[in-house]
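Here are my notes on this one, in the order I would go through them at the screen. Could you read them with the model open beside you?

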Amino acid sequence: MEEPGVIADIARGWVIRVSDPAFSDWDALTDWLAEDPAHVVAYNAAIDDEAWADALLATPQPRPIEATQVAPTRPLRGRILRRSGGVLAVGLAVLASMGGWLALGGTVRDITTAPGERRTLALADGSSVVLNGATHVRIGAREAELLGGEALFQIRHDAARPFVVRAGATRLVDAGTVFNVVAAGKALDVAVAQGVVLYRAGASDIRLDAGKALSRVDDDAEPVLRTTEPQAVGSWSSGFLQYTAAPLAQIAADLSRNLGAPVRVGDGAGAQRFTGTLAITGTPDAVLARIAPLLGVRFVKDGAGWRMMSRDGAAR
């Protein structure tokens with residue numbers, strides 16, 4: 001017999017798809033609702049929770065590289081399904097807390113990649129996760145915990161069991177998606193290439209559609225929303241890094257993960273930004289020699305890694 005908490009999570013997961021105007025799987029939804037009266041109760045309870053639904057369906061109006069307040073919108077009501085004489089109100093809602101690691105059970109894999117290493121994980125449900133270098137992740141049944149590093153998630157949608165990525169206190173709920181996540185300490189960056197990701201952290205509940213991204217410098221910081229090119233999301237997995245107004249510190253961190261040795265920037269680099277594409281295939285020496293002119297720097301060996309220097313010799 002299903003636990004009430006699991007039923008509630010599955011019910012809320014089902015209606016993630018209802019928020020998509022293209023949703024058409026009404027028969028599968030009503031089949032699940034008809035299996036047990038408890039399913040109907042849980043589903044309608046989620047719909048009737050005005051505060052929860054309004055907050056989770058908030059539609060942000062992002063401005064590039066600015067912290068944006070989320071303006072709530074009223075969930076759509078009024079779609080009625082009739083099956084076996086019952087009347088079921090169907091509205092918009094999203095998955096609430098999963099309640100704990102591997103709430104749905106399954107075997108956990110704890111995987112760490114070395115700097116410069118990449119690894120692709122094929123999941124039993126047809127999903128895949130590509131790990132960048134210096135990444136630590138725990139993967140279970142329809143759940144993952146990113147403990148550090150970068151991962152590209154390509155998730156096969158299952159309305160009954162939404163895929164959840166945890167990064168610290170943040171939950172990212174998949175709604176049939178391709179998305180990239182970077183976790184570095186308490187900093188987090190999420191970019192969506194396809195589908196929808198629901199960002200949940202403390203009082204923040206933000207919907208990220210394809211072409212949207214979010215970054216946060218620590219747990220207490222206001223999330224910063226921006227737009228991104230969907231084809232640029234996770235481009236590192238194909239040997240390219242694509243940027244729009246990115247600081248050199250961000251580029252150095254990305255190079256460190258991808259090349260397998262630390263790349264550092266000196267003082268005064270915060271104001272300099274780069275827009276463009278960097279090819280990162282080849283040996284580290286070849287890559288750095290190729291991208292140095294594009295960045296307007298030169299790379300000098302610094303112990304086991306490299307240091308960015310300005311062309312006139314000052315550290316950047």
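1. First, a term: contact (or touching) means heavy atoms within 4.5 Å. With that, T177 is in contact with F153, Q154, I155, V192, Q194, G195, V196 and V197, leaving aside its neighbours within four places in sequence. T177 and V196 are 19 residues apart in sequence, and their C-alpha atoms are 5.9 Å apart in space.

2. Some housekeeping. This is a predicted model, where local features need pLDDT of at least 70, side-chain atom pairs count only at pLDDT 80 or more, and totals for chains, interfaces and linings use all residues. Residues are numbered from 1 along each chain as its sequence is written, and side-chain values use heavy atoms, with hydrogens and water left out.

3. Where does T177 sit? T177 is in the loop between β12 (170–174) and β13; strands (E, at least two residues) and helices (H or I, at least four) are DSSP runs, numbered from the N terminus. T177 has a relative accessible area of 1%, so it counts as buried (buried is under 20%, exposed over 50%, partly exposed in between, with a 1.4 Å probe and protein chains only).

4. β20 and β23 (residues 305–310) run parallel and are joined by three bridges; V263 has W306 as its bridge partner in β23.

5. R290 lies in α6 and touches A279, I280 and T281, not counting residues up to four places away in sequence. R290 has a relative accessible area of 35%, so it is partly exposed.

6. On to the largest pocket, at about 1200 Å³. A pocket here is an open set of points on a 1 Å grid over the protein atoms alone, where a 1.4 Å probe fits, with protein on both sides within 12 Å along at least five of seven lines; lining residues have an atom within 4 Å of a point. Of the 41 lining residues, the closest to the centre are D189, R226, Y243, A246 and Q250. Which strand gives the largest share of the lining? That is β19, with eight residues. By class, the lining has 21 nonpolar, eleven polar and nine charged residues (Ala, Val, Leu, Ile, Met, Phe, Trp, Tyr, Cys and Pro count as nonpolar, Asp, Glu, Lys and Arg as charged, the others, Gly among them, as polar).

7. Last, two backbone angles to look at. Most residues other than glycine have a negative phi. A134, in the loop between β8 (128–131) and β9 (136–140), has a positive phi near 55°. R142, in the loop between β9 and β10 (143–154), has a positive phi near 60°. A134 is partly exposed at 37% relative accessible area, whereas R142 counts as buried at 7%.

Notes
Two strands pair if DSSP finds at least two bridges between them. Grid points are joined across faces, edges and corners, and a volume is the space filled by probe spheres set on the points.
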